[in-house]
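Welcome! Let us walk through this structure together, one place at a time.

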Amino acid sequence: MREVAFIKQNKEKWLEFELAIFGKAKKNPDELANLYIQMMNDLSYAQTYYPKSKTVIYLNHLASQIYQKIYKTKRTEKNRFLEFFKTEVPLLVYDYKRYLLYAFALFFATVAIGVISARYDQDFVRLILGDGYVNMTLENIKKGNPMAVYGTGSNWGSFVGITMNNLYVGARCYIYGIFGGLGTFYISSQNGIMLGAFQYFFYEQNVFWKSVRGIWIHGSMEIFAIVIETTAGFILGASILFPKTFSRANSFKMGFKNSFKIFLSTFPFTISAGFLEGFITRYSIDMPNWLSIFIILFTLCAISFYYLVYPFIVHKKIQQAAAKLN
């Protein structure tokens, strides 16, 4: 069947799906489950015969939304909080995985810009980090502890202050996506360039390894969370700029709801990063290398698995469940 005929044959059914998603047509959980099975069949057909078509993207998006609608209306005794992180967020991340790719591409590109700029412009680091911070860090390097800045203040005071600041940065990165994604692009670029210049500064001072041992104990989750918040901001912006077959209002409503859930999912990681920075990073200079490396790799693997691997596992399970129902 040609794609045009396939679309024409199923157009009315897909419109019914949209009405169910946006609550304009009342459907009980059983009816929604039936719609989901039909949608998975259509999606499977489209993936087979029109793999590079926009129809596949459209159907995949609708299928994800219908699943969430089923979950929302289904009577269950499962822990809502647990299901949010276990199923709902991973499915959304899978559905919007290309925006995650864009966020990572921006991150690596801006970090590279920061490194190159710091290497070829001696004043760039001071411009980005400020004279006060650079001078203080140079003094700490002379004293043999380049990470001494993390040892100032009390553990709890540092934890609370750092966490609140990181949540604020992440919120800006996400909320500014309302400006068509440009605000998110700007904030994320700032952070990436600053990180690149920051790390090159320590490399230039021959204390790169000491800086890595300290910074990335908390930085693995903190920086990764910012990339996810950038993803959420891009989703929010795209919902305004590219409504596809939806009205712009409905597209924004759906984009805001889904992106906000992804943004909320970063909170445990951001808070954990704040805890590590307030209680652990300050002791990095005295830690054995193996312990620092273990903490860095463990935190990086944990957040990487959740956002890069687990969504594909959950999506595959949903497909298998739908196939069994069929």
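**A salt bridge to start from**

K261 and E88 form a salt bridge, and their closest N and O atoms are 2.4 Å apart. The term salt bridge is used here for a side-chain nitrogen of Lys or Arg within 4 Å of a carboxyl oxygen of Asp or Glu. K261 belongs to helix 11 (residues 248-264) and E88 to helix 4 (residues 80-95), so this pair ties together parts that are 173 residues apart in sequence. The helices are DSSP runs (H or I, at least four residues), numbered from the N terminus. Are K261 and E88 buried or exposed? Both K261 and E88 are buried. Buried stands for under 20% relative accessible area, exposed for over 50%, and partly exposed for what lies in between (1.4 Å probe, protein chains only).

Before going on, please keep in mind that this is a predicted model, in which local features need pLDDT of at least 70 and side-chain atom pairs count only at pLDDT 80 or more, while totals for chains, interfaces and linings use all residues. Residues are numbered from 1 along each chain as its sequence is written, and side-chain values use heavy atoms, with hydrogens and water left out.

How many salt bridges are there by this rule? The count comes to three. One of them joins the side chains of R126 and D131, at 3.2 Å from N to O. R126 is partly exposed, with a relative accessible area of 29%, and D131 is partly exposed too, at 44%. Another links K142 with E139, where the closest N and O atoms are 3.9 Å apart. K142 and E139 both sit in helix 7 (residues 131-142), three residues apart, which is about one turn of the helix. K142 counts as exposed because its relative accessibility is 68%, whereas E139, at 40%, is partly exposed.

Now let us turn to how some helices pack. Two packed helices are described by the angle between their axes and the distance between the axes. Here the axes are lines fitted to C-alpha atoms over the stretch in contact, and angles run from 0 to 180 degrees between N-to-C directions. Helix 10 (residues 208-241) packs with helix 12 (residues 267-279) at an angle of about 155°, and their axes are 8 Å apart. Helix 10 is therefore roughly antiparallel to helix 12. Angles over 145 degrees count as roughly antiparallel, under 35 as roughly parallel, 65 to 115 as roughly perpendicular, and the rest as oblique. Helix 8 and helix 10 have axes that come within 7 Å and cross at roughly 25°, so helix 8 is roughly parallel to helix 10.

The loops deserve a visit as well. T266 is in the loop between helix 11 and helix 12, and T266 counts as buried because its relative accessibility is 0%. The C-alpha atoms of T266 and G170 are separated by 8.8 Å, although these residues are 96 apart along the chain. In the loop between helix 9 and helix 10 you will find N206. N206 has a positive phi of about 65°, although N206 is not a glycine. With 71% relative accessibility, N206 counts as exposed.

Our last stop is F179, in the loop between helix 8 (155-175) and helix 9 (182-204). F179 is exposed, with a relative accessible area of 56%.

Methods
Helix = DSSP H or I, 4+ residues; strand = E, 2+ residues; numbered from the N terminus.
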